[in-house]
Amino acid sequence: MRERGDGFHGRRDGPERGIEGRSKSGVGVKTEQLQAVGVRGVVGIARAVALLKAGGTVAFPTETVYGLGANALDPAAVAKIFVAKERPGWDPLIVHVDGREMLERVAVVPTGLQGRQVGQLIDAFWPGPLTLLLPRTADVPDTVTAGRPLVGVRMPANPIARQLIREAGLPVAAPSANRFGGPSPTTAAHVLADLDGRIDAVLDGGPANLGVESTVLDLEAMAIYRPGAVTAAMISSMLGVEVRVVAAKVEAEAAGGPEALPSPGMGMRHYAPRARLVLVEGQSEMLEEIGKLSGAEVGVMLPDDWDRGTAGAVFRWGPWGDAETLARLLYFGLRLLDERGVKVIVCPVPEMDGLGEALRDRLEKAARK
C-alpha cells in the first residue's frame with residue numbers, strides 16, 4: 001500500500017472560506033453549517049459543491065446515515081477524511097456516484113455473467129443502500145481502497161446527496177461522518193457533535209431515513225461483508241444464486257488482521273457508544289440485567305410497551321418487531337443515552353430477519369470489547 005505522506009497536506013486552490021488558510025492537518029477549521037432545503041437550500045448546496053471541487057470535506061445526508069464526503073479522485077482531499085475522523089488508513093472508503101458514466105470512472109464493470117449481474121443489481125437496487133465491490137480503475141487513489149484491488153461503489157437514493165454529487169461532477173468518497181468507531185450520525189447535529197472544527201461544512205438535509213449503513217456485496221465471492229437494508233435473500237432472489245453473509249470476526253481472523261479486510265466496518269469494535277453496551281435476549285433478561293446494575297447509571301434501549309425496571313434513563317426505541325423503526329432510531333438512541341451520561345446501556349437484540357440482521361450486526365460490533 002502506498003504511504004499516505006503528502007496526501008495529508010491541504011490544498012490552497014481557491015478563495016473559498018474554509019479552504020484557504022486551513023491547517024495542514026485539516027483540523028481546527030471553521031465548519032460551515034449549510035442548509036439543503038427551503039429558501040437557503042440552493043445557496044447551501046452550491047456552497048457544498050464549491051467546497052468539494054476545491055478539495056474540501058463536506059458532510060451530507062444520505063438515506064442510510066450522514067457521510068463525510070471528499071473528491072474520491074483527489075488523494076489530498078481523501079486524506080482529510082482520515083484526519084478528521086481519526087480513521088486508520090487500512091480501512092477502505094465507499095465511493096458515491098450518480099449515474100453509469102461516473103461509476104465507470106472509478107470501477108471496471110465486468111463483462112459476461114458478472115457484468116449482467118451488475119446490471120441486474122443496479123436496475124433493482126440503485127439508487128439505494130447497496131454497495132458493490134468492483135475492480136477499481138487506475139484513477140482511484142490507494143487512500144480510497146487502502147491499496148486493495150476492489151473499490152466499494154454505490155448510488156445513494158437521497159435526492160440531496162444525488163444533487164450534490166451531480167452538480168460537483170465528481171465521485172465522492174464518503175464514510176460515515178463521525179469519529180472512527182463511534183455510532184454513525186443520522187442528523188446534522190450528530191455530525192457537529194463529533195466533527196465540528198474538523199471538517200469544512202455540514203449540509204443539513206434532515207434526519208436519515210434508514211439509519212444503518214448500506215449493504216456491502218462482493219460480487220465475485222457472492223458474499224455480504226456488511227448487512228443492510230438490501231438483504232442476502234433479496235439479492236439471491238434477484239440473481240438466482242446463493243449469497244452468504246460473512247461473519248466479520250471470522251473473516252478478520254482468517255485474513256490475518258484488520259489490514260487485510262475487504263470492507264469498511266469489519267473485524268473490530270465499531271458503532272460503539274461511550275457507555276458500555278450490554279446486549280440481552282428478550283424482556284426478562286433485560287430486566288434481570290438492569291437489576292444487577294441498579295447501583296450504576298444505567299440506560300436502556302426500551303421497546304414500546306416493555307417495563308423499564310430500575311433503569312435511570314430510557315430511550316423509547318419503537319415497536320418491537322418493527323425493524324425499520326428500530327434501525328432508523330438505533331444510533332439516535334445510543335447517542336441520546338450517551339448524552340444523558342449513563343455508564344451502561346442495556347439493549348435487547350432484535351430477532352427478526354431482513355433488516356434485523358443488520359441491527360444485530362451493528363449491535364454485536366458495538367458491544368465488542
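## Aromatic pairs

Rings of Phe, Tyr and Trp (its six-membered ring) pair if their centres lie within 6.5 Å; planes under 30 degrees apart count as stacked, over 60 as edge-to-face and the rest as tilted. This is a predicted model, in which local features need pLDDT of at least 70, side-chain atom pairs count only at pLDDT 80 or more, and totals for chains, interfaces and linings use all residues. Residues are numbered from 1 along each chain as its sequence is written, and side-chain values use heavy atoms, with hydrogens and water left out.

Ring pairs join W306, W317 and W320 in a cluster. In total there are four aromatic pairs. One of them is the tilted pair of F315 and F332, at 6.1 Å centre to centre and 45° between the planes. F315 belongs to strand β14 (residues 313-318) and F332 to helix α11 (residues 323-339), so this pair ties together parts 17 residues apart in sequence. Helices (H or I, at least four residues) and strands (E, at least two) are DSSP runs, numbered from the N terminus.

W317 and W320 also form a tilted pair, with 6.1 Å centre to centre and 55° between the planes. W317 is buried, at 0% relative accessibility, while W320 is partly exposed at 29%. Buried means under 20% relative accessible area, exposed over 50%, and partly exposed in between (1.4 Å probe, protein chains only).

## Helix α8

In α8 (residues 232-239), the residues A232, I235, S236 and L239 are buried. Seen down the helix axis, the buried residues fall within an arc of 100°, so they line one face; the arc is that of the directions from the axis to the C-beta atoms. The face turned away from the buried side carries the exposed residues A233 and S237.
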